[in-house]
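Please consult the sequence and the structure shown here while reading.

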Amino acid sequence: MGRAARRLDPWALLWLALMHGGAAAALILPWRWSLWPAMLVVYLIGGLGTTVGYHRLLAHRAFRCPRWLEHLLVTMAMINTPGSPLLWVANHRQHHGHSDRAGDPHSPREGLWRSHMGWLLDPDSTVPDLWRRTCLDLADDAYYQWLLRYRMVPQALGVLTTALLFGWESLPQVFFLPTVAWMNSTFAVNSIAHTFGAQPYRSGDESRDNVLVGVLALGEGWHNTHHAFPRSARHGLLWWQLDVSWWVIWALARVGLVWDVRLPTEEQRAARRRSSAP
Ligand SMILES: [Zn+2]
Ligand SMILES: [Zn+2]
């Protein structure tokens with residue numbers, strides 16, 4: 001870990017190149033406007049799986065839900081995140097524990113590109129078996145252990161399903177473009193939302209509330225708020241802070257599929273608020 005080590009993971013490079021190449025092909029091949037709803041669905045499947053499942057549920061335990069729903073959310077995330085939740089959650093907990101300090105796997109203090117995508121190409125940016133120490137709450141889940149070995153299976157099934165529904169020629173537009181768009185939205189949380197935007201709360205790091213990332217990353221761009229209250233199920237705490245992931249959690253709670261939803265109290269918010277913030 002750190003500046004000195006800069007190796008290149010050829011498999012990560014190949015995977016990112018293939019994904020982005022597939023997305024670029026959509027811009028060259030004939031465009032079908034009728035596929036917009038399907039593209040949005042693919043974006044939301046991968047997006048909400050990541051934000052509601054990987055991030056707010058598994059990494060931060062911001063709410064509780066049945067195991068089948070947890071596994072469904074994880075499977076949704078896996079169509080664009082080829083890494084067992086054990087790896088994702090371990091890296092994310094490491095990020096919160098060392099945010100913008102030594103040991104943070106993806107801080108813009110080492111460069112914007114490094115925090116966006118470069119860290120994924122560097123095998124030394126992460127510790128592969130960190131989950132054995134920091135994800136004891138997830139480690140005995142047989143599905144997550146299986147995903148360590150067969151991480152590409154859900155994504156391969158996603159590609160196959162899309163091809164069967166819309167035709168192989170539609171894959172660049174319906175699968176790769178929205179998947180890559182989502183990937184970059186979530187990468188932007190680590191890069192843009194640790195560099196540009198407001199810091200209404202004292203979080204002890206460079207995290208920012210960024211409007212653009214807030215919208216594109218389904219609520220995850222209210223990132224200074226998130227670092228100030230990492231266990232909150234809601235990241236956009238103000239009425240105008242669009243947080244689609246929170247709407248989903250709220251709706252699931254309304255129908256009884258989600259419970260023990262954690263939110264910061266007024267006192268906790270006041271204690272962290274900077275004097276100039278609203
Ligand atoms: Zn962060
Ligand atoms: Zn987090």
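His 194 is buried, with a relative accessible area of 3%; buried means under 20% relative accessible area, exposed over 50%, and partly exposed in between, for a 1.4 Å probe and protein chains only. At 2% relative accessibility, His 223 is buried as well.

Donors are N, O and S atoms within 2.8 Å of the metal (3.2 Å for Na, K and Ca), and water is not among the atoms, so sites may look incomplete. His 194, in the loop between H9 and helix H10 (211–216), and His 223, in helix H11 (residues 223–228), lie 29 residues apart and link distant parts of the chain.

## Basis of the model

This is a predicted model, in which local features need pLDDT of at least 70 and side-chain atom pairs count only at pLDDT 80 or more, while totals for chains, interfaces and linings use all residues. Residues are numbered from 1 along each chain as its sequence is written, chains are lettered from A and ligands numbered from 1 in the order in which they are written, and side-chain values use heavy atoms, leaving out hydrogens and water.

The zinc ion (ligand 2) is coordinated at 2.0 to 2.2 Å by His 55 (NE2), His 60 (NE2), His 92 (NE2), His 96 (NE2) and His 226 (NE2). His 92 and His 96 are separated by about one helical turn because they are four residues apart in helix H4 (residues 85–97). His 92 is buried, at 9% relative accessible area.

## Overall architecture

The protein has 13 helices and zero strands; helices (H or I, at least four residues) and strands (E, at least two) are DSSP runs, numbered from the N terminus. In helix H9, 17 of the 20 residues are buried.

Of the 278 residues of the protein, 52% count as buried. Along its principal axes, the C-alpha trace spans about 55 × 50 × 40 Å.
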